[in-house]
Amino acid sequence: MAAPTDPGAPPPDEPAAASLEAATQATRSLHGLSAELTARLPQLLEAMRSVGTGLELHTTLDRICETAAELTDAKYAAIGVVAEDGDGLADFVYSGIDEEAARLIGRLPDGHKGLLGALIHDPVTVRLANLADDPRSCGFPAHHPPMHTFLGLPIRVQGEIFGNLYLTEKHGGGEFNDDDLNMVRVLATEAGIAIGNARLYEAAKQRERWIDGSVAVTTALLSGGDADDALQVVAEQSRHLSDSAAGIVMLPAEEGGMEIVAVDADGPSTALGVIVPPESEIISELLDGKAVFVDDAATDTRMLTGLAQDYGPSMMLPLQSGGRVLGTLVMTRARGERPFSEAERTLATQFASQAALALVSADAQRDRERLAVLEDRDRIARDLHDLVIQRLFATGMMLETAQRRSVVPEVQAGVGKAVDELDTTIQEIRTAIFALQQGPTEAPSGLRTKVVREINMAAVPLGFKPSYRFLGPVDTVVGELTGKHLIAALREALSNAFRHAEADRIDVVVDATVLLPDGRQGVRLTVADDGVGIKEGGRRSGLKNLQKRAESLGGASWHGAGLDGDGTTVVWQAPH
């Protein structure tokens, strides 16, 4: 018997024993056969060897069909894979029909009626001279090629029915004879062994993929990055591993129910931020820590019709750890796709448990990091109070003593100014100590915060802090890409002002209510100064960079007179 070609995945003992039994049955079946069949034995042995090579399940099924057709001189061959629940066919692999003919025929057989359905519930060998004469036959769909002679027999894998092998239309118009039947029986036995090995191999590969996905999720959650990005990794991995149309992560909402916080699906998603109300029967089960499996999301009355209308088989698995439900992981396939198998449900449930554990570990890690920050802030505050302020205070007293002893008015004035600066510095340090003792605040990471951060950074080389204003919902309407370019444009404009403007005043305005010339909504950045303006013949590389950056987004950039008629105003705008 042929063994799997992958040395890293040797067949287990049970398939090996089954292979030995197949050889025994083959020997018994071939005693006393006709001379014609004896002459075909090399072909049978080659067919058995061919069927046993390779470990990919679907490739193995294709090979069995082609080999069986060649062995019996049949024009068409097919294997109907019985569904796990025994109701219909989970897969239908065929040979002899080209792609164009298959497209015209349309939907593959589902095994719910006709002779194929009967063989699912009564898996016996059937040999017919004319399919149409069997009372169980229900005919063929339009564009289906004519088929008359028929031979069907079950394929067993480790004693259980895997499916049925069908052969039709023997070349030359003859019927399938006893020799054909005996040879196909031997082939079917070997096919069962090959299928068993392929299923074990695919199960091992599938488990390996899910383990790799769990590692990727754990790494993302524990990397210390943004929590939203980590949840997006969970959605992406769940969709990829389960071969779904969408992967979704929901977390409990403050007002009850669950909020969709991460989505990975084809095309743009409008589901982010949608809150599934707590009255939903499914949400109630999920919050109780129960997994929910749906055959067709579009027609299940428990689903949200607006979001589920394009989806079919779905898994909704609670993300829970220590009895606490942290959220829900949803994997859903398109309508008409195959349902999730028991193996997939088990692996997905294990993946959800691992993701929940990673969420808990990530929360604990962030708590430890926050505690470390708090302890460090407390230490810095104590050092500032006990060391820095005391030394500054002592230095101020020494300067005051020197001021009283000095008889030179200019020296007295200079020392007095230094003492005032020390007093101001001490007050600023005390303010900083108070802020440190209050603990860190969760600053928003929106566009406003980034703009203010750039302005504060520019204040150091400028020697003064530019003023700034925001118009409209800057944080909510400006997209991520446009926001990144706007920050880069602001940095360029402030840098130009520092290097060339010699300004004493700079005003920054970010306006998210702008209507662009083409009718689109946009955002406009204005940076105006009271400096010397742009010198004639001076370099304009910075302004060209601003213009290119705006045009890459479909926007524009220009410059004009600055504050009170002096200096320069730089304007940069782009669609949201």
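This report covers the pockets, salt bridges, surface features and backbone of one predicted model.

## Basis

The model is predicted, so local features need pLDDT of at least 70 and side-chain atom pairs count only at pLDDT 80 or more, whereas totals for chains, interfaces and linings use all residues. Residues are numbered from 1 along each chain as its sequence is written, and side-chain values use heavy atoms, with hydrogens and water left out.

## The second largest pocket

The second largest pocket holds about 780 Å³ of space. A pocket is an open set of points on a 1 Å grid over the protein atoms alone, with protein on both sides within 12 Å along at least five of seven lines. Grid points are joined across faces, edges and corners, and a volume is the space filled by probe spheres set on the points.

Lining residues, those with an atom within 4 Å of a point, number 32 for this pocket. Nearest its centre lie Phe 92, Pro 109, Leu 116, Phe 140 and His 144. At least two lining residues come from each of β1 (74-82), β2 (89-95), α5 (99-105), α6 (114-121) and β5 (160-170). Helices (H or I, at least four residues) and strands (E, at least two) are DSSP runs, numbered from the N terminus. By class, the lining has 20 nonpolar, nine polar and three charged residues. Here Ala, Val, Leu, Ile, Met, Phe, Trp, Tyr, Cys and Pro count as nonpolar, Asp, Glu, Lys and Arg as charged, and the others, Gly among them, as polar.

## The cavity

The structure holds one cavity of 30 Å³ or more. A cavity is a set of grid points where a 1.4 Å probe fits but cannot get out. The largest cavity contains about 30 Å³ of space. Its lining consists of Val 294, Asp 295, Pro 313, Pro 339, Phe 340 and Arg 345, which divide into four nonpolar, no polar and two charged residues.

## Salt bridges

There are 16 salt bridges, each defined as a side-chain nitrogen of Lys or Arg within 4 Å of a carboxyl oxygen of Asp or Glu. One of them joins Arg 127 to Asp 178, with the closest N and O atoms 2.7 Å apart. This pair links distant parts of the chain, 51 residues apart: Arg 127 is in strand β3 (residues 126-128) and Asp 178 in helix α7 (residues 178-222). Arg 127 is partly exposed at 37% relative accessibility, and Asp 178 is partly exposed at 46%. Buried means under 20% relative accessible area, exposed over 50%, and partly exposed in between (1.4 Å probe, protein chains only).

Asp 264 and Arg 239 also form a salt bridge, at 3.4 Å from N to O. Asp 264 lies in strand β7 (residues 258-265) and Arg 239 in helix α8 (residues 227-242), so the pair ties together parts that are 25 residues apart in sequence. Asp 264 counts as buried at 17% relative accessibility, as does Arg 239 at 16%. In the bridge between Arg 379 and Asp 383, the closest N and O atoms are 3.3 Å apart. These two residues are about one helical turn apart because they are separated by four residues in helix α11. Arg 333, Arg 338 and Glu 344 are linked in a network of salt bridges.

Asp 180 is in helix α7 and is buried, with a relative accessible area of 0%.

Arg 520 lies in the loop between β13 (506-515) and β14 (521-529) and is partly exposed, with a relative accessible area of 39%.

## Positive phi

Asp 73 is not a glycine, yet has a positive phi of about 60°. Asp 73 sits in the loop between α4 (57-72) and β1 and is partly exposed, with a relative accessible area of 39%. Glu 169, also not a glycine, has a positive phi of about 60°. Glu 169 is in strand β5 and counts as buried at 18% relative accessibility.
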